[in-house]
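Me: I would like to go through the salt bridges and the surface of this structure. Could we take them one at a time?

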Amino acid sequence: MPPVDDLPEQLRVRRDKRARLLDGGTDPYPVSVPRTASLAEVRERHAGLAAGEETDDVVSVAGRVVFQRVTGKLAFATLQDGDGTRLQVMLSLAEVGADALAAWKADVDLGDIVSATGRVIQSKRDELSVLASAWQMATKSLRPLPVLHKETSEETRVRQRYVDLIVRPEARAVVRTRAAVVRSLRTSFDALGYLELETPMLQTLHGGAAARPFATHSNAFDIELYLRIAPELFLKRAVVGGLDRAFEINRNFRNEGADSSHSPEFAMLEFYEAYADYDVMAARTRGLVQAAARDALGCAEGAEVAVLADGSEYDLSGEWTSLSMYPSLSEALGTEVTPATPRADLVGHAERLGLGVKPTASAGKLVEELWEHLVGDHLVAPTFVRDFPLETSPLTKSHRSVDGVVEKWDLYVRGFELATGYSELNDPVVQRERLEAQARLGAAGDDEAMPVDEDFLRAMEVGMPPAGGVGMGIDRLLMALTGLGIRETILFPLVKPEA
RNA sequence: GCGCUCCUAGCUCAAUUGGCAGAGCAGCUGACUCUUAAUCAGCGGGUUCUGGGUUCAAGUCCCAGGGGGCGCACCA
């Protein structure tokens, strides 16, 4: 902070006012101020007063000043609560006295938080108001509020979310919707008999997903640690231990690109259920998402339709369509593709479509990329895409009847991947082979390949019951339900430091 | 990481071909006892993102850097 002399005029003026209050013996930041009711409570209690009607109900309210209208002997201010509720405060010379009115005019700026005490009345122009007999500064704001009638820049919204929350109703709404979604998920899991677990965020090996990790260091143990990219390997250990229905909602960290649907840290839901398979998990997932739409958006059962930020509607109700990866890719490509299709043919298809082919890409990876390009990018309605190539899913059980694919689905919603579900691999010998193959990829330079986690394999050797598992991005669930970009669903998303 | 584009008053934005940096809101002073983004009159407020360069003259053109947005790549 530069010296006071160099501050912009408006910041200096407010600092001067703060100093003047202190000089006059008034604390601009008192420990407490009178407050007997929230603004919403006053509105609720006195709904429907006639214009000009006065009550004897004396209340003390507090809120941030968002508008001021000052006439000679009568001043109006609109206070705003944290939930966005607004209420008018009136200060009339006759009611509050000359000194208090003069002090108000001299000391109160937009953005200050004030307390006012007085009778609840309806103004002559029909606005519910507190007619103050006394007022007190609760918090002097030293920074001017942005204009309330134009959107702040996207950068200010994200960098100064505290301002965004004051100024933009939609910002307040997202926070509440997100909390309602998470609460709904917990309620759903509770009803299904699931236990909520917390597993390590700091891990000695990064496993459970294909992603580059953030690395860090433990001073106490003098070892390298990774911020987790997924909780999967620990939740499976929990299932081995008999926690048959387990879920975790917590942060994952992936050291990769950031855009409108990717954040370096993101909230992940994973849940595992013993004696279930990927079909059961698909049904569970649909149930969770639809319940979240009901609980957070107020949809009726069977009518789970989200109204998105752009005003369009998105229907999440009923059964969702399913399609299989290889057949749907074959159809889109106009030629048969199976797990037996030679890699060279797949490379040919990719090149013909103008897709870049990494030399290290396996046949399975190429199938996934072709599928995403030709089919996935065009999916709008909620769709389960089933039966993935084996090579790209090292933790998933091979399909019970189709050779060369695994029992994995991806749930696509509005064109992005919302969740992924599996029949979990529990054959420890096959699991070891798969992880060792991953390790060879890692040694060959694939920085997303998983290392061999011996303790995880030991747990598998103890024996995990047949189980289904699902991972779902919480931020993405919010995106699906609101139509917002990922950074709008996260209260304080990571941003580059200001210069 | 690559390409395109933007960055001007506290906030949102304007500034013609390179020719005196402006508006609305906000702030300050004054008027006003029923306003609703109050109104009216007057006044102040600028490192035009940073650093170089071209030019008589740069917000504007050129180079380098920082930050934002969009697209591509990677990822969920």
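Reply: What follows covers salt bridges and then a surface patch. This is a predicted model in which local features need pLDDT of at least 70 and side-chain atom pairs count only at pLDDT 80 or more, while totals for chains, interfaces and linings use all residues. Residues are numbered from 1 along each chain as its sequence is written, and side-chain values use heavy atoms, with hydrogens and water left out.

Me: How many salt bridges does the structure hold?
Reply: There are 35 salt bridges, each being a side-chain nitrogen of Lys or Arg within 4 Å of a carboxyl oxygen of Asp or Glu.

Me: Which residue meets Glu488 in a salt bridge?
Reply: Arg161 does, with 3.6 Å from N to O. Glu488 belongs to helix α16 and Arg161 to helix α6 (residues 161-167), so this pair ties together parts 327 residues apart in sequence. Helices (H or I, at least four residues) and strands (E, at least two) are DSSP runs, numbered from the N terminus.

Me: Is Glu488 buried or exposed?
Reply: Glu488 is buried, as is Arg161. Buried means under 20% relative accessible area, exposed over 50%, and partly exposed in between (1.4 Å probe, protein chains only).

Me: Which residues are linked with them in a network of salt bridges?
Reply: The network comprises Glu151, Arg157, Arg161, Asp164, Arg168 and Glu488.

Me: Now Asp453. What does Asp453 form a salt bridge with?
Reply: Its partner is Arg237, and the closest N and O atoms are 3.2 Å apart. Asp453 sits in the loop between α13 (428-443) and α14 (454-462), and Arg237 in helix α8 (residues 232-240), so parts 216 residues apart in sequence are tied together. Asp453 is buried at a relative accessible area of 10%, and Arg237 is buried at 17%.

Me: And Glu273, where is the partner of that one?
Reply: Glu273 forms a salt bridge with Arg245, the closest N and O atoms being 3.0 Å apart. Glu273 lies in strand β11 (residues 265-274) and Arg245 in strand β10 (residues 245-253), 28 residues apart. Glu273 counts as buried at 3% relative accessibility, whereas Arg245, at 28%, counts as partly exposed.

Me: Changing topic: which residues form the nonpolar patch on the surface?
Reply: Tyr162, Val175, Leu491 and Phe492 form the patch, with about 380 Å² of accessible area together. Patches are made of residues with over 30% relative accessible area and no salt bridge; like charges are joined within 9 Å, and nonpolar side chains (Val, Leu, Ile, Met, Phe, Trp, Tyr) within 5 Å. Accessible areas come from the Shrake-Rupley method with a 1.4 Å probe, and for residues only the protein chains shown count as cover.

Me: Where does Leu491 lie?
Reply: Leu491 is in the segment after α16 (486-489), and at 34% relative accessibility Leu491 counts as partly exposed.

Conventions:
Chains are lettered from A and ligands numbered from 1 in the order in which they are written.
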